[in-house]
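Here are my notes for a first walk through this model. Please keep the structure open beside them and look up each residue as you go.

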Amino acid sequence: MYPRWLRFLSLFLFVTLLALPTLAQQPAPSIPTSGSAGLDEYRASRIAIYTDDFGELKRYRDADAEMAPPAAIENRVVFLGDSITDYWKLADYFPGKPYLNRGIDGQTTPQMLVRFRQDVIDLRPRVLVVLAGTNDVAGVTGRTRNEDIEANYASMAELARAHGIRIVFASVLPVHNYTPDAKESFARRPRERILALNTWLKDYCATNGLVYLDYFSALIDNKGVLKKELADDGLHPNAAGYKIMAPLAEAAIEKALALDSQR
């Protein structure tokens with residue numbers, strides 16, 4: 001006769017094996033709803049990114065690895081951001097400048113922090129231009145408080161400072177709802193939250209000796225929203241929008257370089 005404990009263990013293993021097929025058939029947990037069908041669909045399409053490569057390090061990994069160190073006199077600049085940066089053809093607006101685009105469509109500030117070492121620090125730029133936050137406000141990677149976004153901005157600034165990189169923080173861009181395609185993006189990005197973030201960024205830059213790049217004021221109309229002619233979808237600047245942004249960015253970069261030379 002087998003000992004009681006051995007019979008119990010055999011029964012437990014038998015029951016567990018019977019249950020395995022049922023457990024394997026359980027559906028994967030669904031993404032919590034954002035309250036917006038369009039955003040829910042977008043988030044569902046990015047499950048592989050959120051679970052396998054949250055920061056999307058693979059996007060620029062090879063290009064970064066192949067990048068030679070900057071020359072001694074090279075004023076290398078990295079533009080870090082989301083789709084607004086990703087879609088910006090920098091070579092068309094800053095010809096001949098050693099400006100590197102490290103924008104990724106759909107990203108939020110925590111994702112940018114994940115790739116900050118690879119896509120910023122390791123490239124050894126003199127200046128970093130950060131344009132981020134609009135997707136955080138919209139809840140693309142989950143509901144996010146302004147305080148959390150601000151903490152991520154501060155983390156970027158502290159990492160940049162530790163590695164001798166001058167940072168330019170660009171304001172969160174305004175949005176508009178003048179077209180049917182723009183209404184959902186507009187609804188997900190309340191103007192008061194954007195204004196609050198921009199106020200915080202401006203104050204943080206002033207307190208910490210950083211450069212604040214005010215795109216917002218240059219892009220709004222008399223209603224305080226993004227000018228209709230500057231973004232076809234209410235969110236992403238078109239060529240006319242980038243044409244306004246480019247000289248503002250150039251002036252901010254020059255200011256950051258001047259501060260760098262004073263150190």
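1. A word to begin with: a residue is called buried under 20% relative accessible area, exposed over 50%, and partly exposed in between (1.4 Å probe, protein chains only). By that rule R124, at 51% relative accessibility, counts as exposed. R124 sits in the loop between α8 (116-119) and β3 (127-131). Its phi is near 55°, a positive value in a residue other than glycine.

2. Now some ground rules. This is a predicted model, in which local features need pLDDT of at least 70 and side-chain atom pairs count only at pLDDT 80 or more, while totals for chains, interfaces and linings use all residues. Residues are numbered from 1 along each chain as its sequence is written, and side-chain values use heavy atoms, with hydrogens and water left out.

3. Next, the overall picture. The protein chain has 14 helices and five strands; helices (H or I, at least four residues) and strands (E, at least two) are DSSP runs, numbered from the N terminus. Of the 263 residues in the chain, 45% are buried. Contact here means heavy atoms within 4.5 Å. Among contacts between residues at least 6 apart in sequence, 73% join residues at least 24 apart.

4. Let us turn to helix α12. How far apart are the end C-alpha atoms of α12? They are 26 Å apart, which agrees with the 26 Å that its 18 residues (191-208) should span at 1.5 Å a residue. The expected span is 1.5 Å times one less than the number of residues in the helix. Just after α12, G209 takes a positive phi of about 70°.

5. Which residues of α12 are buried? They are I194, L197, N198, L201, Y204 and C205. These residues cover an arc of only 130° around the axis, so they lie on the same side of α12; the arc is that of the directions from the helix axis to the C-beta atoms. The face turned away from this buried side carries the exposed residues E192, K202, A206 and T207. Among the elements that cover the buried residues are α9 (134-138), α10 (146-162), β4 (166-170), β5 (211-213) and α13 (216-219).

6. Buried residues in α10 include I149, Y153, M156 and A160. After α10 comes G164, whose phi is positive, near 70°.

7. Please find T141, in the loop between α9 and α10. T141 is partly exposed, with a relative accessible area of 26%. Leaving aside neighbours within four places in sequence, T141 is in contact with R43, Y50, F54, T108, P110 and Q111. T141 and G106 are 35 residues apart in sequence, and their C-alpha atoms are 8.9 Å apart in space.

8. E56 belongs to the loop between α3 (47-52) and α4 (61-66). Is E56 buried or exposed? At 13% relative accessibility, E56 counts as buried. E56 has a positive phi of about 55° although it is not a glycine. Apart from neighbours within four places in sequence, E56 is in contact with R46, I49, I104, D105, Q107 and Q111. The C-alpha atoms of E56 and V114 are separated by 8.5 Å, with the two residues 58 apart along the chain.

9. On a 1 Å grid over the protein atoms alone, a cavity is a set of points where a 1.4 Å probe fits but cannot get out, and a pocket is an open set with protein on both sides within 12 Å along at least five of seven lines; lining residues have an atom within 4 Å of a point. Grid points are joined across faces, edges and corners, and a volume is the space filled by probe spheres set on the points. The largest pocket has a volume of about 370 Å³. Of the 17 residues that line the largest pocket, L39, Y42, S185, R189 and L235 are the closest to its centre. α2 (37-45) gives the most to this lining, with three residues.

10. The structure holds one cavity of 30 Å³ or more, and the largest cavity has a volume of about 50 Å³. Its lining includes R191 and I194.
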